[in-house]
Amino acid sequence: MSYQRSSRLCSAISRKYGPTCLRYYSQNTRTTPRAKAQSKIAHIDAQKQFSPALVDSFHRRHDYLRISLTERCNLRCFYCMPSEGVELSPADHILTDDEIIRLANLFVRSGVTKIRLTGGEPTVRKGLDCIIRRLSELRPLGLQSIGMTTNGIALHRRLPLYIENGLTHLNLSLDTLDPFKFEIMTRRPGHDAVLRSLSAALHSQGLRSVKLNVVIVKGLNDSEVLDFVKLTADKNISVRFIEFMPFTGNKWDKAKMVPSSQLLDIISRKYPSITRAPDELNDTARSWKIPGHAGSLGFISSMSDHFCSSCNRLRLTADGQIKVCLFDAKEVSLRDEMRRGASDGELLNVIGHAVQGKQEKHAGMEDIDVITNRPMILIGGLQPRKSRVRSLARLPAQPHLVDGTLLLPHVHRRWSSSSSQPDLHLTHIGSDGRPCMVDVGSKDATKRSATASGCIYIPRSAYDLITGSDNVDFTDVTIQKARSKGDVMTVAQLAAIMGCKRTSDLIPLCHPLQISNISVTLTPERGVCPVSQPGDEGALEYSIKCTATVACEGKTGVEMEALTAVSVGLLTVWDMLKAVAGKEMKIGEIMVVHKTGGKSGDFSRGP
């Protein structure tokens, strides 16, 4: 007899004749260890009935509860936190530890086997370790796993304690492997802290699984998909690519959403042997495996190919509302019912009423309610209003530091409807007003070149030192210090070439390019300095002119590379000569003087 058939038979016997008859049936018809185990499982299933309150009108059993512990977060991810910020709930509106445990106990006794802790950012809640420990005490009631989704900023030192107290599954959110882009997407530093947490998780013996959640946004981090795939080569990790989803305040645009099927095509071209892997029951991700890789890949296609028919999730917000669907604005307050003195039975009736109202599937991606539904940060909070969290939309006119992060002002330019000027726009600013990389995927690779130049103005003493004039006093201590660094022109030339090759590392939104040639020259000159201050007219000055020409065959120009080469070269001259001319030197006139190739055509600056 098959396991499924015997289990159904045991359950039926128990329901009709009681546990005593089931035990008699088991003892007299099963003799092998496997048969005894099957009988025990059937007996447990018969004793612990799944509550009808957790079964919706489409017969979906909800055995997975996500509990938001807080509305607060130590990052400001643009797809989660509205740019105008959010207003946090008053402290007394947030569920207490005892209220969380009471509701968790009720859900587990009703059939929930999996709990995941979320936020906000769950690690910013005080007493998180105690909450995990108290949840772990629900295992005898049927709880099988305790997971947590975190950004990892404050995790790596605390993780061992969480695991010791009962944490079994961990999902880390990391949308880019580029630390500069990380600050653009999260509006905060901390990339290195997340990587430390990832490393700590992968080396923790107590975790059953470690997953990396990556929200893909077109033109921002879609170029990093293959870099994330490489992580699975030698790491036992599941990298899950998540489609950009619409929530209140995140200015979702269908054009920014990259369908999972498109991502799979990109990966398949690089790894043609990739194969479908078995999915966990009710899992939101479609799993794939590359032969020989230690880890796996997953695709969460909430927008392009929803998985509503197998949804088994319920959500409890930080302020005690039950949400039966992430994209449904309807909520019911369990907090208010508890504080009015409701019994567990009455609470279960409220839960059952909410579950019965769950729709068969959520609306299409263009019809999802982003007006009355919460922003993602407040799947545990109130609706967005003017924020007590620092607003990022209306910045002062000057750059300023916030928590150690340099924030630049938004500049709004008004155009008259009668203006004859074209509609100018910045290519590195997306429709949401945030910085983004320009998508060059559709462009053809062509030959391109650019020449830039600039000058550093120096005093006569520095000029004589560079040109080897007989006027130099080589016994002067400052002259000796400057000469000890080496040949000024040679070191500056090498620095300019190195700087040119590192442009994409220095300028966050520049594309990395395969440069075919770099030519840098530095030339001492004597001439008339441009007027910079009253009284400078006609002042005879000395200078070093740096000229850099860069060439490549690519999809975007090399003007930035040429400008970077000149800037680094001149800064190196400054560093080499600062012992003899630190107060007098000035750098200026850095500009592109010539370019070829590209959509905008050739260009030459006149004399």
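I began with the meeting of two helices, where Ser461, Ala462, Leu465 and Ile466 of H13 touch Leu577, Val580 and Ala581 of H17. I then sorted this contact by residue class: six of its residues are nonpolar, one is polar and none is charged. I note here that the model is a predicted one.

**Entry 1. Geometry of H13 and H17**

I recalled that a pair of packed helices is described by the angle and the distance between the two axes. H13 covers residues 460-467 and H17 covers residues 559-581. Their axes come within 9 Å of each other and cross at roughly 125°. Angles of 65 to 115 degrees count as roughly perpendicular and those over 145 as roughly antiparallel. H13 and H17 are therefore oblique to each other. I also looked up the hand of this crossing, and it is right-handed. As background for reading the contact list, I noted that an α-helix has 3.6 residues a turn, so residues three or four places apart point the same way.

**Entry 2. Helix H7 and its two ends**

Which residues of H7 are buried? In this helix, residues 179-186, I found Lys181, Phe182, Ile184, Met185 and Thr186 to be buried. These buried residues pack against helix H8, residues 191-202.

I next examined the start of H7, where Asp178 places a side-chain oxygen within 2.8 Å of the backbone nitrogen of Phe180. Just after the helix comes Arg187, with a positive phi of about 60°.

**Entry 3. Arg187**

Arg187 belongs to the loop that runs between H7 and H8. Is Arg187 buried or exposed? Its relative accessible area is 4%. Buried means under 20%, so Arg187 is buried.

Definitions and conventions. Residues are numbered from 1 along each chain as its sequence is written. This is a predicted model: local features need pLDDT of at least 70, side-chain atom pairs count only at pLDDT 80 or more; totals for chains, interfaces and linings use all residues. Side-chain values use heavy atoms; hydrogens and water are left out. Buried means under 20% relative accessible area, exposed over 50%, partly exposed in between (1.4 Å probe, protein chains only). Helices (H or I, at least four residues) and strands (E, at least two) are DSSP runs, numbered from the N terminus. Contact means heavy atoms within 4.5 Å. A polar contact is a pair of N or O atoms within 3.5 Å; within protein, one must be able to donate a hydrogen and the other to accept it, and residues adjacent in sequence count only if both atoms are side-chain atoms. Axes are lines fitted to C-alpha atoms, for helices over the stretch in contact, and angles run from 0 to 180 degrees between N-to-C directions. Angles under 35 degrees count as roughly parallel, over 145 as roughly antiparallel, 65 to 115 as roughly perpendicular and the rest as oblique. A crossing is left-handed if the near helix is turned anticlockwise from the far one by less than a right angle, and right-handed if clockwise. Ala, Val, Leu, Ile, Met, Phe, Trp, Tyr, Cys and Pro count as nonpolar, Asp, Glu, Lys and Arg as charged, and the others, Gly among them, as polar.
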